[in-house]
Amino acid sequence: MEHLLNSRARSIQISGIRKFFNEVAKYPNAISLTLGQPDFPTPIHVKEAAIQAIHNNQTVYSHNAGYEDLRKAACTYVFEKYDLQYDFADEVIVTTGASEAIDISLRAILSEGDEVLLPSPVYPGYEPVITLCGAKPLYIDTTSTGFKVTPEQIEQSITNKTKAIILPFPSNPTGVVLEDAELTRLADYLCKKDIFVLSDEIYSELRYNGVHRSIASFEGMREKTFVINGLSKSHSMTGWRIGLLFAPKEILQHVLKIHQYNVTCASTISQAAALEALVNGKDDALPMAREYKRRLDYCYDRLQKMGLKFEKPNGAFYLFISIKQFGLTSYDFSLKLLKQEGVAVVPGDAFSSLGEGYIRISYAASLSQLEIGMNKIESFIKSMT
Ligand SMILES: Cc1ncc(COP(=O)(O)O)c(C=O)c1O
């Protein structure tokens, strides 16, 4: 019966990260520097709020967009932190993780034949949704501009079919962030274009120099931007599945219909936890960010001494390292490293073909694990040169 399935569903691939994980699973003692999630527990006060919600029988559907007090708290949070102004009544949806926010935004925007610009190497969660919509991803090569997309690059790729550009900064897999001047140039350019911007800001609280700014806070950008955020990374809540989607009401009213028929509402127990996180845990990410920075500094130093080439990350918890000098594909390099030294990293081609020639190292691992990992990578590099 497989042949009767939707051809687009058949054509999309399991993610390259998952493919490599299947390989890593054969090496149970390997040091894993692959994690895309924080290695800290969810803050205790957040967990307790969820337990209390269960005891209070907060176990039924909420408003489709989420509990009103949570939507209010979410709007206050992004206003105080990022100077974003949204109305809790009709400009925010509590979603099932940032993943659902990406899915419903793209499905609201895209029709068959449309094009979406993806500055790449890029997180692999966008392309399959674009393909399922019958639209086309167009990858913008950012490997020669420090993994940052510029207006000139967009101008070269934009066509009359372009419906949206995705701006995922701080970036997974590269860890780079856009500085104010870079955002200003992009906003000046994009505000004049008739395309949507999906600003995936899920790593906004994990920034190591300065503070995060959202492109939606720049003049002329609010009306065309979908701001995607959530609690997965800021509050170490990946399994709770709470995302936040902000957009102007004339747009969000249509997205809400897709969300409604898709999931009805996000888990209400998780919503209770998210409310506690956003009201009483506004700065829960700070101690985690401090620890990530310590680990980043350690890894940066070690990898530099090994003579490896990479951009200095300033956000998220990834390092994206060039392995071009070793003459192996990123998959073969990662497999050899795994077999020879027992260290797992993610092959760069999991982040589009523009990630070929790189590996992603996650420092969402303890400093002692990172130390062992770096020692092993060092001896691997020595064996290769
Ligand atoms: C850039 C980016 N966006 C979205 C997501 C998905 O987040 P969530 O777990 O909240 O669905 C991830 C997860 O790793 C990510 O790296």
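In the predicted model, strand β6 (residues 196-200) pairs with β7 in the parallel sense over four bridges, pairing being assigned where DSSP finds at least two bridges between two strands. Within this pairing, S199 stands opposite V227 of β7. Strand β7 is also joined by four bridges to strand β8 (residues 243-246), in the antiparallel sense, with G243 of β8 as the bridge partner of G230. Helices (H or I, at least four residues) and strands (E, at least two) are DSSP runs, numbered from the N terminus. Residues are numbered from 1 along each chain as its sequence is written. Because the model is predicted, local features need pLDDT of at least 70 and side-chain atom pairs count only at pLDDT 80 or more, whereas totals for chains, interfaces and linings use all residues.

Six of the six residues of β7 (residues 225-230) are buried, so this strand is largely enclosed by the rest of the structure. A residue is termed buried if 20 or more other C-beta atoms, placed from the backbone, lie within 10 Å of its own. T225, V227 and N229 point one way from β7, while F226, I228 and G230 point the other way. In the protein, buried residues make up 47% of the 385 residues.

The ligand is surrounded by 14 residues, of which G97, A98, S99, N172 and S232 are the closest; the criterion is a C-beta atom, placed from the backbone, within 6 Å of the molecule. Helix α5 (residues 97-109) contributes three residues, the largest share of this shell.

Overall, the protein has 13 helices and 13 strands. Its C-alpha atoms fill a box of roughly 60 × 55 × 50 Å along the principal axes.

Technical notes. A residue is buried if 20 or more other C-beta atoms lie within 10 Å of its own, exposed if 12 or fewer, and partly exposed in between; C-beta atoms are placed from the backbone.
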